[in-house]
Amino acid sequence: MHTDSRCLHCGPVPPLHVPEHIGAEIVASVVDRITATANQPGTPLWCPWPLPPGWTLTGVAYAGDDRTGVRATAVACAGPAPLGGGPADLVFVAEEPGVGLGTRLAGLAGPDPGPELADALTDPGPGHPEHVGQARIRVGGHPTPLWLVNSPADRSAYAGEARGMWLHAIAWPASAGHLLAEDVVLHDLTEWTPPELVYGAPSPYLSGRA
C-alpha cells in the first residue's frame, strides 16, 4: 500500500489539483493554498501581466498536498495566435525539481528538463543559437532566458529557471511560441492579483482534455 499519488511511469508524484472553473474566487483560493502551506517563500504562480491584447486567464492548477505543501503551479492563458490563424494557448509552470508537471505538459520524458537544456546549450542545432535563450521574458522584474526544448509537433516548449525553480512555457499550436519573442512580463499572483484580470473559458490543457 502507498499513501502517495503514483504515476505508472514515474512512481510517487504530488497530486495535481485542477479547478473545473476559473474566476477571481478560484485564483484567490489557489493563492491561499500556496501561501498557507509555505514554510518559506512559496511556489510562484506566474501569470503574464499585463496580458497580451485579447488574451484571457483560462486556468490555474497546483501540485502538492497538506504534508508536502504546494510544489508546482500552472497558469493557463488563451488568446489570438501571434501569427494569425486562430486561437492559441499558453501555460506557464513553476515547479521544484523532480515534480514533472512541466515536462508532462511539454510532452517530454522524465521529471525535469535538465537533459533537454543540456542538449540545447551544448549542441544548439537549427534554431538554437549557441548559449542564447530562445525566449527572453521578464520574470518578477528580471530578464530571464528560456531555451527551446524538443516537444511534440503540436506545441512549442521552453524551459529555464526562476527563483530557484524550473520555469516552463508551453504554447499550442507550436507557432504560438512566437508570442514569447515579444515583451512578455510574468507576475507572481501570490504577491498581488490584479483586479483587472479577464477570465475566459477553462483551458483543456491543464486537465488533459486536449
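Predicted model: local features only at pLDDT ≥ 70, side-chain atom pairs only at ≥ 80, totals over all residues.

Tutor: Residues are numbered from 1 along each chain as its sequence is written, and side-chain values use heavy atoms, with hydrogens and water left out.

Student: Why is Thr 43 called buried?

Tutor: Buried means under 20% relative accessible area, exposed over 50%, and partly exposed in between, with a 1.4 Å probe and protein chains only. Thr 43 has 2% relative accessibility, so it counts as buried.

Student: How do you know that the side chains of Glu 96 and Arg 71 make a polar contact?

Tutor: The term needs a pair of N or O atoms within 3.5 Å; within protein, one must be able to donate a hydrogen and the other to accept it, and residues adjacent in sequence count only if both atoms are side-chain atoms. The distance between the side chains of Glu 96 and Arg 71 is 2.9 Å, and the pair is a polar contact. For Thr 43, a polar atom of the side chain lies 2.9 Å from the backbone oxygen of Val 70.

Student: Which residues is Glu 96 in contact with, leaving aside neighbours within four places in sequence?

Tutor: Contact means heavy atoms within 4.5 Å. Glu 96 has Val 70, Arg 71, Asp 112, Met 165 and Trp 166 as contacts on that basis.

Student: What makes a set of residues a nonpolar core?

Tutor: The members are buried Ala, Val, Leu, Ile, Met, Phe, Trp, Tyr and Cys residues, joined through side-chain atoms within 4.5 Å. The largest such core here has 37 residues, and Ile 137, Leu 167 and Leu 186 have the most contacts inside it. A second, separate core of 22 residues includes Val 93, Val 99, Ile 170 and Tyr 205.

Student: Why do strand 3 and strand 4 stand at the edges of the sheet?

Tutor: Helices (H or I, at least four residues) and strands (E, at least two) are DSSP runs, numbered from the N terminus; two strands pair if DSSP finds at least two bridges between them. The open sheet of 10 strands has the order 3-5-6-7-11-10-9-8-12-4. Strand 3 (16–17) and strand 4 each have a single partner strand, so one side of each is left without a neighbour in the sheet.

Student: How do you know that strand 5 and strand 6 pair?

Tutor: They share nine bridges, in the antiparallel sense, and Leu 57 stands opposite Cys 77 in strand 6.
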